[in-house]
Amino acid sequence: MDIRVVYKSSFEPLSDTLILPFYEGVELSDRLISLDDSIESMISYFVREEIFTGKYKEIESFRLPGEENPKNIILAGLGKEEELTLDKIRVISARAIKKAIALKSKSAEIHPVGITSEISIQESVRALVESSILQSYSFDKYKSDRRDPVLKELNILHKSKNHPKEIEAGAMEGKLLAECTVFARDLVNEPANFMTPKKLADETYKVLEDTDVDITVYGIEKIKALKMEAYMSVSNAASNEPQFIIMKYTGNQSDKDQVFGLVGKGLTYDSGGLSLKPTSSMIDMKSDMGGAASVIGAMAAISKAKLPINVVAVIAACENMIGPDSYRPGDIIGSMAGKTIEVGNTDAEGRLTLVDAIHYVIEKEKATMILDIATLTGAVLSALGTEITGVLSNDDDFYQKLQGACELSGEKIWRLPAYGPYNKLLKSDVADMKNVGGKYAGTITAGLFIKKFVQDKPWIHMDIAGTSWAEKVSDCTPKGGTGAGLRSIYFLLKDMSSSN
Ligand code: BES
Ligand code: ZN
Ligand code: ZN
């Protein structure tokens with residue numbers, strides 16, 4: 001979908017569909033009264049008859065006779081002005097655009113809404129553009145009867161020459177974030193027979209092609225040389241070679257000592273290994289690289305927006321398969337950090353790949369802060385469901401920054417305690433630790449396992465096992481990969497970059 005920002009002083013028709021957002025109570029401005037006059041008072045009719053009242057989520061539409069534009073008018077309810085939020089703008093925009101598509105519109109236009117003391121015009125436009133693009137996402141590459149998208153163009157209007165810069169900036173940022181999210185969703189939705197570790201590396205090169213990100217990819221020999229034994233153990237039964245993907249972006253040359261380390265779980269398939277998953281749990285495990293997808297997508301967004309910050313992102317991509325070379329429950333394995341691990345369950349593989357990646361990014365890339373993002377535990381689904389990402393952190397300020405970022409992205413997070421006494425659950429009789437902590441508090445013990453490898457660095461762990469994959473359609477997300485975490489990471493890094 002093309003996004004255009006258009007200065008327009010009158011209602012001369014531009015698009016075939018005009019979207020008109022209203023607060024509850026529906027007041028018509030002078031400009032709208034003259035539009036209404038020209039369309040036989042249709043809007044006043046809808047309002048007078050209380051067909052449309054402006055309540056939140058209300059969408060009404062009508063067609064106009066004749067061939068000239070606009071052919072359709074969509075009335076969209078924003079609810080009470082004082083209760084408007086960015087989330088509501090996202091939902092309303094998504095629904096209005098869906099309606100425009102249902103009416104077979106090729107182009108639509110809308111004025112930015114909701115400029116309040118809480119919401120700037122830039123944020124409002126960004127949310128509008130993000131959700132307009134994301135709601136129409138579908139993964140239909142493998143369908144023979146796929147069709148081209150109907151709606152080709154969204155025009156964002158401004159009636160005065162005020163704010164054009166902010167509108168332009170909001171539209172650009174919204175488009176960039178939506179496109180990177182679409183990229184991440186595609187990676188997640190691709191089946192594991194296509195999206196192998198090698199392919200994931202190829203896609204990383206492709207999406208970062210015209211950016212200032214330096215990419216290095218290590219195969220098995222180099223991974224072995226780095227002594228990433230935990231990571232290698234997971235990958236051992238797979239015939240597709242593991243790929244350790246390193247993305248380096250130096251946006252702030254003047255402060256090279258500050259390096260943000262990003263780590264994404266990149267299991268392109270998780271069968272559970274010898275601790276084999278039942279088919280019903282295995283079916284969606286192509287999505288076990290959701291963390292990696294969001295990290296790669298975030299790197300694309302960060303570098304294309306030229307954020308003044310230094311970031312090194314790493315993905316220990318591999319498959320957790322089954323075969324004569326599988327690692328076994330009961331094995332004792334090493335790790336790049338030199339700590340030994342007793343394998344209690346081969347299905348708790350993500351943390352094994354993550355800790356080697358984290359140790360690498362601290363020791364070799366000199367990361368000073370760490371954020372890891374992973375589809376790590378089924379337990380986070382029991383705790384928080386499918387709409388809230390579970391987060392652990394060892395640093396309150398860092399966590400608060402993530403909270404701020406999530407307010408901008410609209411993504412929901414909840415902090416779980418990195419409760420020290422539960423470290424006893426990870427004790428092993430024969431090694432430095434076990435990779436599983438028993439039946440309870442599975443998300444916390446998984447986080448505590450990772451925490452043992454972050455040294456003294458400020459650290460955030462995002463468990464997106466519940467949020468990275470949607471089983472049901474919602475306003476801005478169809479079924480499948482969601483790109484969870486990507487936009488929040490972008491806003492976190494924007495906040496932490498030197499321009500702030
Ligand atoms: N990839 C899974 C976690 C997962 C579950 C992601 C559901 C998405 C949806 C992870 O590797 C896993 O299998 N974790 C185990 C850990 C257990 C063995 C301690 C789990 O959650 O059951
Ligand atoms: Zn697993
Ligand atoms: Zn997994």
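Residues are numbered from 1 along each chain as its sequence is written, and chains are lettered from A and ligands numbered from 1 in the order in which they are written. Because the model is predicted, local features need pLDDT of at least 70 and side-chain atom pairs count only at pLDDT 80 or more, while totals for chains, interfaces and linings use all residues; side-chain values use heavy atoms, with hydrogens and water left out.

**Stop 1: the zinc ions**

Select the zinc ion (ligand 2). Asp 270 (OD), Asp 347 (O), Asp 347 (OD) and Glu 349 (OE) coordinate the zinc ion (ligand 2) at 2.0 to 2.2 Å. Donors are N, O and S atoms within 2.8 Å of the metal (3.2 Å for Na, K and Ca), and water is not among the atoms, so sites may look incomplete. The six donor atoms subtend angles of 70 to 166 degrees, which makes the arrangement irregular.

Asp 270 bridges the zinc ion (ligand 2) and the zinc ion (ligand 3), which lie 3.2 Å apart. Helices (H or I, at least four residues) and strands (E, at least two) are DSSP runs, numbered from the N terminus. Both Asp 270 and Glu 349 are buried; buried means under 20% relative accessible area, exposed over 50%, partly exposed in between (1.4 Å probe, protein chains only).

**Stop 2: ligand 1**

Select ligand 1 and the 16 residues that surround it, among them Lys 277, Asp 288 and Gly 378; each has a heavy atom within 4 Å. Oxygen atoms of ligand 1 lie 2.8 Å from an N or O atom in the side chain of Asp 347 and 2.8 Å from a polar side-chain atom of Glu 349.

**Stop 3: helix H15**

Move to helix H15 (residues 486–496), where eight of the 11 residues are buried. Arg 487 and Tyr 490 are among the buried ones.

**Stop 4: Asn 155**

Finish at Asn 155 in strand E6 (residues 153–158). Asn 155 is buried, with a relative accessible area of 0%.

Definitions and conventions
Four donors count as tetrahedral if all angles lie between 85 and 135 degrees; four count as square planar and six as octahedral if opposite donors are over 155 degrees apart and all others between 65 and 115; anything else is irregular. A polar contact is a pair of N or O atoms within 3.5 Å; within protein, one must be able to donate a hydrogen and the other to accept it, and residues adjacent in sequence count only if both atoms are side-chain atoms.
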